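Hi everyone, thanks for having me.

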Amino acid sequence: MNAKTMAIVAYITWIGWIIALVTYNGDAQKPSLTRFHLRQSFGLLVAGIAFYILYFIMLNIFFILGLLFGLLGLGFVVLWIMGIINAANEQEKPLPLVGEFFDKTFTFIK
């Protein structure tokens, strides 16, 4: 699998992320494109899980506010699509608002 394919697969659910990580770790060259998108997609995965836990808590406590909070979840979809487009275009462009944080925080992906 080439770097572009691994970068795209990293965004396709957590199973795709694991497949991309295993393939990346088995690659002797360890392409920077794949590493970058593994960090971005992992950040989206963790932030998305945290967001939806908060969403369901808010939905059960404050129904109307929970519904409004749920609209923010569309932002994760937009970021996810932007990440896939950047990976397909072979660009190491951070996601808006959170991308630089993800790249600096998830340095365990080497």
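Predicted model: local features only at pLDDT ≥ 70, side-chain atom pairs only at ≥ 80, totals over all residues.

Okay, find Ser 41. It's in helix 3, which covers residues 32-61. Is Ser 41 buried or exposed? Its relative accessible area is 6%, and the cut-off for buried is under 20%, so Ser 41 counts as buried.

So what does Ser 41 touch, leaving out residues up to four places away in sequence? The answer is Ala 10, Tyr 11 and Trp 17. With Trp 17 there's a polar contact between the two side chains, at 3.5 Å. The Ser 41 side chain also reaches the backbone oxygen of His 37, at 2.8 Å.

Now, the core. The largest nonpolar core has 19 residues, and among those with the most contacts inside it are Ala 10, Trp 17 and Phe 42. Helix 1, helix 2, helix 3 and helix 5 each give two or more residues to this core. If you click on Phe 42, you'll see that it touches Trp 17, Phe 106, Phe 108 and Ile 109, again skipping residues up to four places away in sequence.

Asp 103 lies in helix 6 and Arg 39 in helix 3, so the pair ties together parts that are 64 residues apart in sequence. Asp 103 is partly exposed, at 25% relative accessibility, while Arg 39 is buried, at 12%.

Definitions and conventions
Residues numbered from 1 in each chain as written. Heavy atoms only, no water. Helix = DSSP H or I, 4+ residues; strand = E, 2+ residues; numbered from the N terminus. Buried < 20%, exposed > 50% of the residue type's maximum accessible area, 1.4 Å probe, protein only. Contact = heavy atoms within 4.5 Å. Polar contact = N/O pair within 3.5 Å; in protein donor to acceptor, adjacent residues only side chain to side chain. Core = buried A, V, L, I, M, F, W, Y, C linked by side-chain atoms within 4.5 Å.
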